[in-house]
Every structure is written in C-alpha cells, then in structure tokens.
Amino acid sequence: MTREQLAKTLRVLRAEKGLSLRQAAKLARVDAHTLGFAERGERMPYDTTLARLAKVYDVPVSRLVGDPNVPLGVGA
C-alpha cells in the first residue's frame, strides 16, 4: 500500500468512528502530529502505531496495510 492509500484509509476510518484527529491519537496513544503526518501521506507510521490505530478503529492491521480482500468502507 502506498502512503497515499494508507492516508485515505486512515482518514476514512477516523471519520467513520466520528473522532477528531486528537481524539483518535489519544485513544491510540500516539502523538497527534504522528497521526496527522500519516493521514496526509507525509510519513509511513511504524508497525506499532498501525497496530494501535487498528485497535482504535476496530479493524485488522491487514486492512490498514492493504489487504486486497478487504475493501475500503468495510469493518472488521
């Protein structure tokens, strides 16, 4: 998955949960700037960050890293 695809996925999932960027970052125990960089496609987050975000968004990590069998907009 490209950074741009991951960025879109993260933005969509956060919107589906109705969370602000700061709320999502706090729940995932990551810095809001880190999440912001990932959502803008500026940086690829570490695996631990992806795992924390997947837990907050209630999706498998494979959904974030581009499993082609899990379409965007479908939950875990």
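A: To begin with R14: leaving aside its neighbours within four places in sequence, R14 is in contact with L19, S20, L21, A24, E39 and Y57. The model is a predicted one.

Q: Which helix does R14 lie in?
A: R14 is part of helix α1.

Q: Is R14 buried or exposed?
A: R14 has a relative accessible area of 16%. The cut-off for buried is under 20%, so R14 is buried.

Q: A24 was on that list. Where is the place of A24?
A: A24 sits in helix α2.

Q: And what does A24 touch, not counting residues up to four places away in sequence?
A: A24 touches R14, L19, L35 and Y57.

Q: Buried or exposed, A24?
A: The relative accessibility of A24 is 0%, so A24 counts as buried.

Q: Which other residues in α2 are buried?
A: Along with A24, the buried ones in α2 are A25 and A28. They cover an arc of only 100° around the axis, which puts them on the same side of α2.

Q: Why would residues three or four places apart point the same way?
A: An α-helix has 3.6 residues a turn, so residues at that spacing point the same way.

Q: What's on the other side of α2?
A: R22, K26 and L27 are there, and they are exposed.

Q: What covers the buried residues of α2?
A: The cover includes α1 (3–17), α3 (32–39) and α4.

Q: Take α4, then. At what angle do α2 and α4 pack?
A: Helix α2, residues 21–28, and helix α4, residues 47–57, pack at an angle of about 110°, and their axes are 9 Å apart. The two helices are therefore roughly perpendicular to each other.

Q: What handedness does the crossing have, left-handed or right-handed?
A: α2 passes α4 in a right-handed crossing.

Q: Which residues meet there?
A: From α2 there are A24, L27 and A28, and from α4 there are R52, L53, V56 and Y57. By class, this contact of α2 with α4 has six nonpolar, no polar and one charged residues.

Q: How far apart are the C-alpha atoms of A24 and R52?
A: They are separated by 10.0 Å, with A24 and R52 standing 28 residues apart along the chain.

Q: Switching to α3. Which residues are buried in α3?
A: The buried residues of α3 are A32, L35, G36, A38 and E39. Their arc around the axis is only 160°, which puts them on the same side of α3.

Q: What covers them?
A: For the buried residues of α3, the cover includes α1, α2 and α4.

Q: What about the loop between α2 and α3, which residue lies there?
A: R29 is one of the residues in that loop. Just after α2, R29 takes a positive phi of about 60°.

Q: Is R29 buried or exposed?
A: R29 counts as exposed, at 59% relative accessibility.

Q: Last one: what is phi of D58?
A: Phi of D58 is near 60°, a positive value in a residue other than glycine. D58 is found in the loop between α4 and α5 (61–64).

Technical notes:
Residues numbered from 1 in each chain as written. Predicted model: local features only at pLDDT ≥ 70, side-chain atom pairs only at ≥ 80, totals over all residues. Heavy atoms only, no water. Axes fitted to C-alpha atoms, helices over the stretch in contact; angles between N-to-C directions. Helix = DSSP H or I, 4+ residues; strand = E, 2+ residues; numbered from the N terminus. Parallel < 35°, antiparallel > 145°, perpendicular 65-115°, else oblique. Left-handed = near helix turned anticlockwise from the far one by under 90°. Contact = heavy atoms within 4.5 Å. Nonpolar A, V, L, I, M, F, W, Y, C, P; charged D, E, K, R; others polar. Buried < 20%, exposed > 50% of the residue type's maximum accessible area, 1.4 Å probe, protein only. Arc of directions from axis to C-beta.
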